[in-house]
Amino acid sequence: MLKQIEGSQAVAEAVALARPEVICAYPISPQTHIVEGLGELVKSGQLQPCEFINVESEFAAMSVAIGASAAGARTYTATASQGLLFMVEAVYNASGLGLPIVMTVANRAIGAPINIWNDHSDSMSQRDCGWIQLFAESNQEALDLHIQAFKLGEELSMPVMVCMDGFILTHAYERVDMPRQADVDAFLPPYEPRQVLDPAEPVSIGAMVGPEAFMEVRYLAHAKQTMALDRIPHIAEEFAARFGRHSGGLVRTHKTEDADTIVVSLGSVIGTLKDTVDELRAEGERVGVLSIRSFRPFPLAAVRQALQGAKRVVVLEKSFSVGLGGVVSTDVRVALSGLQLRGYTVVAGLGGRAITRGSLRRTLRDAIADRLEPLTFMDLDTGIVQRQLQREAQMRRSGPIAENLLRDVGTVASKVV
Amino acid sequence: MLQIRIHGRGGQGVVTAAELLSIAAFEQGRHAQAFPSFGSERTGAPVVAFCRIDDHEIRLREPVLHPDVLIVQDPTLLHQVDVFQGLPADGYVLINSRRSFEQLGLSDIVERYRTDRLTTVPATEIALKHLGRPMPNVALIGGFAALSGLVTLDAVSHAIRDKFSGKVAEANIAAAAEAYEYVTRELEELQRC
């Protein structure tokens with residue numbers, strides 16, 4: 001059924017269609033509307049049987065999710081930014097224990113400086129935690145990925161993070177096609193746990209493992225993620241067959257077949273990139289877009305396959321590893337090992353800075369002309385950066401950086417966008 | 001693609017206005033996208049929300065930099081924020097005020113833009129009358145329907161019922177209808193001039 005609703009509400013309804021039995025969450029922007037929506041569905045009785053547990057922190061949210069999932073319940077939670085960091089110890093436990101919890105991460109920057117807006121720093125900080133990480137391009141894809149995530153996670157007994165851009169998707173109203181309950185029920189069978197805490201058949205979960213088997217347990221986690229590389233495209237195809245639209249998968253290409261220049265990115269910026277690439281195509285440039293849908297497991301072969309015919313690759317990402325450069329670009333480089341391609345990393349949109357077609361055009365034009373720096377911070381205000389560096393060179397007590405830069409920028413209230 | 005930018009202050013329902021517009025466009029079978037600027041979300045602070053309407057899927061997610069339509073919910077913003085930034089010469093402007101553009105000190109705007117696309121409507125007064133609250137957003141959407149003809153009043157009423165219920169919905173529908181009539185009359189008078 002077609003609906004014009006907010007992304008968060010769409011995800012809440014999709015999660016409800018997956019019939020979770022336990023939902024535990026602690027509110028944090030921009031995730032709040034999702035769990036509020038689910039709370040209402042549980043309270044009104046539309047989603048039952050389901051227990052909605054208000055917890056006292058994100059650490060508790062993931063801990064309760066672990067307990068619920070270990071007891072055999074289909075379990076869901078959601079978080080963002082500092083909330084994800086606060087639950088990290090439990091996040092690693094969930095994957096280490098092989099519990100198929102599904103969690104939405106409404107992507108948001110990490111402080112300090114405190115910032116509520118969108119980038120991918122939160123999800124990227126957890127790329128090594130053992131969870132599957134799927135990225136959504138649109139609200140339709142976000143809701144579809146949640147339904148696929150339960151199936152994927154439960155088949156492999158692994159937790160899945162569905163990453164959707166905070167505000168840009170969570171707070172955007174757009175058209176979505178909401179699946180029917182009967183179709184979701186047919187697509188997603190009831191949860192059949194591999195391990196369950198049951199008083200009738202007592203077991204323990206979470207044994208201490210010494211050097212004799214720790215490496216093997218960890219290796220099995222990697223082996224399962226490798227299996228997910230096969231399962232993710234299968235589940236996406238199965239989904240397409242039942243629901244009539246393509247969502248998810250490992251990667252998606254847009255006009256890459258004959259492209260000299262391919263932009264690699266993930267999340268909602270793919271839409272703006274496609275529009276920009278179409279404009280450049282109309283002007284005769286051979287450009288394309290590769291969208292990474294599954295960041296963990298990272299589809300090395302599919303990425304290599306899509307990029308190997310190009311002359312240059314621009315990785316555009318909303319995250320970066322301080323002291324190195326790109327996060328996604330490092331992985332893309334592994335996929336391109338041995339190939340002679342020019343590679344550029346463009347860090348953009350940090351802390352919610354708008355990624356505009358104008359800036360993308362300029363950046364891609366520079367890349368096509370091979371005059372782009374290997375590591376570029378798109379739309380960086382070098383003026384205020386230089387001023388702060390001078391301040392620090394001139395005096396010892398130069399003061400707090402964030403406050404200094406805000407003074408240099410001046411009031412933002414008078415700016416239109 | 002039609003792009004709309006709504007300026008107002010926190011607490012005036014700016015974001016809701018953009019969402020309502022997107023629902024009205026959806027009711028008419030079109031693709032629409034509405035999103036806030038996610039800036040200062042404090043009561044009274046300048047707030048911007050955006051809406052795009054098209055006949056096919058909208059992929060673009062940048063803020064609306066070149067609006068076809070500008071809606072100003074609070075005229076006190078006119079001399080604080082450059083609300084007209086990026087507006088093309090054939091753009092539509094709707095301002096919440098009983099005063100004319102000239103009386104608002106916008107004579108230079110009148111010279112630069114098509115006067116048949118510049119209108120004011122006393123949306124706060126209309127809202128106070130119907131809702132008992134100074135919420136100009138829904139009345140302005142009614143005014144927008146009259147000014148642009150890009151969404152019908154009927155679709156706006158549907159959108160209001162989608163988002164609100166009971167008395168609040170009916171009062172908002174009445175406010176939208178009154179603003180629609182007001183702007184229609186204004187445009188007729190303008191044509192006679």
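# Exercises on a two-chain predicted model

Eight strands make an open sheet with mixed pairing, ordered β1(A)-β8(A)-β2(B)-β3(B)-β1(B)-β4(B)-β5(B)-β6(B). This is a predicted model, in which local features need pLDDT of at least 70, side-chain atom pairs count only at pLDDT 80 or more, and totals for chains, interfaces and linings use all residues. Residues are numbered from 1 along each chain as its sequence is written, while chains are lettered from A and ligands numbered from 1 in the order in which they are written.

## Exercise 1. The eight-stranded sheet

Task: find which strands are the edge strands of this sheet, and describe where β8 of chain A and β2(B) pair.

Solution. 

Step 1. Helices (H or I, at least four residues) and strands (E, at least two) are DSSP runs, numbered from the N terminus. Two strands pair if DSSP finds at least two bridges between them.

Step 2. Look for strands that pair on one side only: these are β1 (2–6) of chain A and β6 (118–121) of chain B.

Step 3. Go to β8 (residues 173–177) of chain A. It pairs with β2(B) in the antiparallel sense, over two bridges. Tyr173(A) stands opposite Ala34(B) there.

Step 4. Compare a pair within chain B. Strands β4 (residues 69–72) and β5 (residues 92–96) of chain B are parallel, with four bridges. Val72(B) faces Ile95(B) of β5(B).

Step 5. α1(A) lies across β1 and β8 of chain A, at about 120° to β1(A). Contact means that C-beta atoms, placed from the backbone, lie within 7 Å. Axes are lines fitted to C-alpha atoms, for helices over the stretch in contact, and angles run from 0 to 180 degrees between N-to-C directions.

## Exercise 2. The contact between the chains

Task: count how many residues each chain gives to the contact, and state which element of chain B supplies the largest share of its side.

Solution. 

Step 1. Chain B gives 27 residues and chain A gives 24 residues.

Step 2. In chain B, α1, β2 (31–36) and β3 (46–54) each supply at least two residues of the side that touches chain A. The largest share is six residues, from β2(B).

Step 3. Sort the side of chain B by class: 15 nonpolar, seven polar and five charged residues. Ala, Val, Leu, Ile, Met, Phe, Trp, Tyr, Cys and Pro count as nonpolar, Asp, Glu, Lys and Arg as charged, and the others, Gly among them, as polar.

## Exercise 3. Two helix pairs

Task: describe how α1(B) packs with α5(B), then how α1(A) packs with α2(A).

Solution. 

Step 1. α1 (residues 14–27) and α5 (residues 153–163) of chain B pack at about 120°, with axes 8 Å apart. That angle makes α1(B) oblique to α5(B). Angles under 35 degrees count as roughly parallel, over 145 as roughly antiparallel, 65 to 115 as roughly perpendicular and the rest as oblique.

Step 2. α1(B) passes α5(B) in a right-handed crossing. A crossing is left-handed if the near helix is turned anticlockwise from the far one by less than a right angle, and right-handed if clockwise.

Step 3. Residues of α1(B) in this contact include Leu20(B), Ile23(B) and Ala24(B); those of α5(B) include Val156(B), Ala159(B) and Ile160(B). The contact has seven nonpolar, one polar and four charged residues.

Step 4. Turn to chain A. The axes of α1 (residues 7–17) and α2 (residues 32–43) come within 8 Å and cross at roughly 45°. α1(A) is therefore oblique to α2(A). This crossing is right-handed too.

Step 5. Among the contact residues are Val11(A) and Val15(A) of α1(A), and Ile34(A) and Leu38(A) of α2(A). By class there are seven nonpolar, four polar and no charged residues.

Key
Two residues are in contact if their C-beta atoms, placed from the backbone, lie within 7 Å.
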